[in-house]
Amino acid sequence: MALRDAKNDLLAVMTIEEIYAWDLAEVAQKAFDTLDLRHPLVAEMHHWGKLHISGKLQVLQLPKHYDFQGLRLTPAQELTKRATQEVDGVLLLHPSVGMTKPGDVDHYTRVRAYKALAAGYYDPNRILLALLPLAMRLAGPREALWHALIRRNHGANHFIVGRDHAGPGNDSTGQPFYGPYDAQELLQRYSAELGVSMVPFRELVYLPEQERYEEVSRIPSGTRTASISGTQVREQYLNQGRTLPPWFTRPEVAEILAETYPPRHRQGVCIWFTGLSGAGKSTTAEVLTVLLLEHGRQVTLLDGDVVRTHLSKGLGFSKEDRNTNIRRIGFVAAEIVQHDGVAICAAVSPYRATRNDVRNLIGSEHFVEVFVDTPLEVCETRDTKGMYAKARRGEIKDFTGIDDPYEPPAQPEVTLDTVTHTPEENARLILHYLGQHGFVRMPTGMLQNGMKI
Ligand code: ADP
């Protein structure tokens, strides 16, 4: 079996020794201790094939990496470096830089931060920063064992395990998948067998009066402490363009994070209009575009009909072609949002599943679904494009609202009434929503006294 990368270059050859069926439920239970689909890997496993193969792997070349090439060391290189040091220890700072869970800091940013730390705050002879190309499985305690084993192979004899190592967050009932110190306990149990001593790190808090960190468990009650959670870092600092305090993180790291996570009003957002033909999507979207430009945002308007003249040229109006059109718009919108722009999309987008796919592609936090809730009778009376008349006469088939269903959104962020409100009123309503969520900067008075959504 040839193992190739995405560009079809041959990386390795496996001599297959075994082909075996695997049981999803069994593996999920044993490795992740859960069947909950909120677990990213359990969800992913549902897309895996029914058979697994195993056998000897003959590596012809390692995958090519173009980022941080100086830090891409093999286990052999790391061992050499380690062997030159005295026994009292060298820190192997060994971040895994593979696939991780949505919302995690990307590895480019993480590694830039580690580089800044390694260069500025450690004796260069006492630290080795190297990257581990490994996808996170988020298996908590069992992942800690696996990570320890891999580090052992890289020459480490101690392994630091923090709170909630490789945790996937909460399950569908809102409970954490694994206890915060389960990973430490499991690794402790097997550390002799693995040949790696576990160095536990407990939860630390800052003592502002003493200007130092201490373990939570060692602090007498009533002591004034400070801490900033991951969520607070994003919501109360980065999203608002506030600098993280030096007691929390080194200034170099604060700056790297601020570059990657600009304040909300410079982050991308997709405003997705959905509704029947003639509901008023394009009309409202055009007004909103101008208002957002006025507020200093960069806007791309992707109008379903306009897109058909270039991006989706040649597509027809069959169910399949219309879905393809929506997915293309969604793909482009996701790119725009990722690069901190505003994408306004106006297309009928009648199917809930397709809209949800687009939402997931973009990320729900940056997706504003606007339901233009105009009754069919009103749309049909407007009939600006003469389409309803044609559909009624049977000249066009599968027309949304006539002989093809429109599935209204279950929980749109914004719902518009175009019968009692003008396009401008509606556009300002959306602008206000965006202001409330930080995506545009508004004079504070306007937000407090403004319209209710
Ligand atoms: P869609 O993009 O949803 O197919 P359009 O915006 O192209 O719809 O067409 C909506 C039509 O309805 C336009 O001719 C517009 O002038 C008219 N219209 C009347 N009242 C409103 C309103 N309150 N909001 C939006 N459009 C309205």
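The legends below describe close-up views of a predicted model. Residues are numbered from 1 along each chain as its sequence is written, and side-chain values use heavy atoms, without hydrogens or water. Local features need pLDDT of at least 70 and side-chain atom pairs pLDDT 80 or more, while totals for chains, interfaces and linings use all residues.

View 1. Helix H8 spans residues 251–260; helices are DSSP runs of H or I with at least four residues, numbered from the N terminus. Val-253, Ala-254, Ile-256 and Leu-257 are buried (under 20% relative accessible area, 1.4 Å probe, protein chains only). These residues lie on the same side of H8 because they cover an arc of only 165 degrees around the axis, taken from the directions from the helix axis to the C-beta atoms. On the other side, Pro-251, Glu-255 and Glu-259 are exposed (over 50%). Helix H4 (107–121) is included in what covers the buried residues of H8, with contact meaning heavy atoms within 4.5 Å.

**View 2. The shell around the ligand.** The ligand is surrounded by 15 residues, each with a heavy atom within 4 Å of it. The closest are Gly-278, Lys-281, Ser-282, Thr-283 and His-421. Helix H9 (residues 281–294) gives the largest share of the shell, three residues.

View 3. A polar contact here is a pair of N or O atoms within 3.5 Å. One oxygen atom of the ligand is 2.7 Å from a polar backbone atom of Gly-278. A polar side-chain atom of Ser-282 is 2.7 Å from an oxygen atom of the ligand. A ligand nitrogen atom lies 2.9 Å from a polar backbone atom of Thr-418.

Key. Helices (H or I, at least four residues) and strands (E, at least two) are DSSP runs, numbered from the N terminus. A polar contact is a pair of N or O atoms within 3.5 Å; within protein, one must be able to donate a hydrogen and the other to accept it, and residues adjacent in sequence count only if both atoms are side-chain atoms.
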